[in-house]
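Have a look at the model below before reading on.

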Amino acid sequence: MYVFGDSLVDVGNNNYLELSLIKADFPYNGIDYPGGRATGRFSNGKNAADFLAEKVGLPSGAPYLGQPNGVFVKGVSFASEGAGIFNTTDETLIKHTIPLAHQLGHFSTVRQRLAKELGSNLQDHLSKSLFPVVIGSNDIINYFKTGSDASQKYSPQQYVTLMVSSFKELLKTVNYLSDPFQTQGMYGLGAHKFVVTGIALIGCAPKVRYTSPTGECNKDVNYWAKKYNDELTTMLHELKSELKEFQYSYFDTYGVFTEFIQSPATYGSMTQNPLAVDWENSGPSFLARRLRCFVQREVITFSGTCTILRRQLLAFSLICFGEVQEIIHSP
């Protein structure tokens, strides 16, 4: 399993970025992970990539930057907290991350090593591997930040459409003349089986709600997150028609969290509390954001700060795995 994405599936890559302050290397991250210590996962325990791997019987993969010279026949994670579809997403000195195009560059490097290791069996290996891609939330959040460059250049509709078209190019076979870091899309490098997730109700994320005087969800952010999901599903359907061996399972994150928030009792004793985050200081500036996940395990909360074990286990256990199993076992 070769994993791409942001904090929902980062298993520790950001810990190896010396300039980055976006790290999950402090308590209570990892408190419910085997060993009870922070591993670089932005969660109190296992994250979405771990649960997906367990469900389909594959290793979740080590962080690529932890073994940059590795071959990774059994898979690896390129995911990075703060990453986005666009290279500019959170990529400043103080918020150093690995955007999706650069993650793809790392995969291209790994593919070269796999070619030496596997020889003529390379394409068979890649065609049977699973490629989860969890991305897009940071792009939307950053667009709606006060004074963002993107909001000055594009309308929300233009921006969402550009997100989807850029993502499509990263998925398929394409030359990136403007980005020397990588030269082909995932499919062009041999990936055939994908799990692609939509964006959740990120207008209800704690760091977004904090900017509201009333603490309410940002309806505009949620609206455009949903619009992105709509265009994303259309794009994936198009790729299925355009690329002969392209297979995918789409995970409706937005729908899952809508259901959790509206009907929490359906999923056990979960508490409807999207603001279950403890701020160490008085504001949401990144220097103040050394967050502590609440120790209580049955809270609905959102990515971008910390993620709660029970939420992810329920989400990835109840929905989509049957379809993923079909993809894995298909020719």
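**A strand covered on both sides**

Strand E4 is covered on both of its faces: Leu130, Pro132 and Val134 are buried on one side, and Phe131 and Val133 are buried on the other. Keep in mind that this is a predicted model. In a regular strand, side chains alternate between the two faces of the sheet. E4 spans residues 130-134, and five of its five residues are buried, so the strand is largely enclosed by the rest of the structure.

Which strands pair with E4? One is strand E1 (residues 2-5), which pairs with E4 in the parallel sense over two bridges. Another is strand E5 (residues 193-197), also paired with E4 in the parallel sense, over four bridges. You can follow this through Val133: phenylalanine 4 stands opposite valine 133, and valine 133 stands opposite valine 196 in E5.

Now let's turn to the nonpolar cores. The largest one has 63 residues, and Phe4 is among those with the most contacts inside it, as are Phe167, Phe194 and Tyr228. Helix H8 (residues 219-242) gives the most to this core, with eight residues. Apart from it lies another core of 14 residues, including Val3, Leu130, Val134 and Val324.

Leaving aside neighbours within four places in sequence, Tyr228 is in contact with Ile85, Ile135, Val160, Met163, Val164, Phe167 and Ile199.

Finally, step back to the whole protein. Its secondary structure comes to eleven helices and eight strands, and 57% of its 331 residues count as buried.

Terms used
Residues numbered from 1 in each chain as written. Predicted model: local features only at pLDDT ≥ 70, side-chain atom pairs only at ≥ 80, totals over all residues. Heavy atoms only, no water. Core = buried A, V, L, I, M, F, W, Y, C linked by side-chain atoms within 4.5 Å. Buried < 20%, exposed > 50% of the residue type's maximum accessible area, 1.4 Å probe, protein only. Contact = heavy atoms within 4.5 Å. Pairing = 2+ DSSP bridges.
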